[in-house]
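My notes follow the model.

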Amino acid sequence: MVCVSRQDLGLLVLRVGTGAVLAAHGTQKLAGWFGGGGIQGTTAAMEAMGFHPPKHSAVAAGLGEAGGGVLLALGLATPAAGAAAAGAMAGAVAVHAPAGFFAQGGGYEYPAFLGFTAAAIGLTGPGRYSLDEVTCHVLDRPWVVALAFAGSALAAAAVVGKRAKGQADQAEEE
């Protein structure tokens, strides 16, 4: 008899739900699905928000969200998936931060929640009902967790820092 774990079922539901939301959000940027702008629209938006180079930023954000979301939902390479999605959401938080916390005022509540949830899943692990379990956690090792989150944090800090510097330089010119 197989013992069903409520914890593993809970992680499955959390992974699939969070991953699906992130994947849908990312495919808006990459493919224009679900009313999104696709690469062209997202590139224009990234430029308007001060991200440079804007097309690279659009692709990176879309891949972090869509790719991270799909991998989270599958429970495959869970640390890297969680780190990628959390890093992409850090960029979104930086954009929405001036509007305050709450989403109804344009704040960062929603991307922060998605980022924290993705990070928590990446750190906690996918549970037994995952492709990481099927592959004997070959992509879910402690060193992968450390490398993925360090790399994502450094990349997010660099991108957000570059954007902030560009905005400060632009404000000085005006």
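I took a nonpolar core to be a set of buried Ala, Val, Leu, Ile, Met, Phe, Trp, Tyr and Cys residues joined through side-chain atoms within 4.5 Å, where buried means under 20% relative accessible area with a 1.4 Å probe and protein chains only. The model is predicted, so I noted that local features need pLDDT of at least 70 and side-chain atom pairs pLDDT 80 or more, whereas totals for chains, interfaces and linings use all residues. Residues are numbered from 1 along each chain as its sequence is written, and side-chain values use heavy atoms, without hydrogens or water.

Helix α3. I read helices as DSSP runs of H or I with at least four residues, numbered from the N terminus. α3 has 21 residues and spans 30 Å from first to last C-alpha, close to the 30 Å expected, the expectation being 1.5 Å times one less than the number of residues. Among its buried residues I listed Ala-61, Glu-65, Gly-69 and Leu-72, and the cover over the buried residues of α3 includes α1, α2, α4 and α5, by contact (heavy atoms within 4.5 Å). Gly-75, which follows α3, has a positive phi near 70°.

Note on methods:
Helices (H or I, at least four residues) and strands (E, at least two) are DSSP runs, numbered from the N terminus. Buried means under 20% relative accessible area, exposed over 50%, partly exposed in between (1.4 Å probe, protein chains only).
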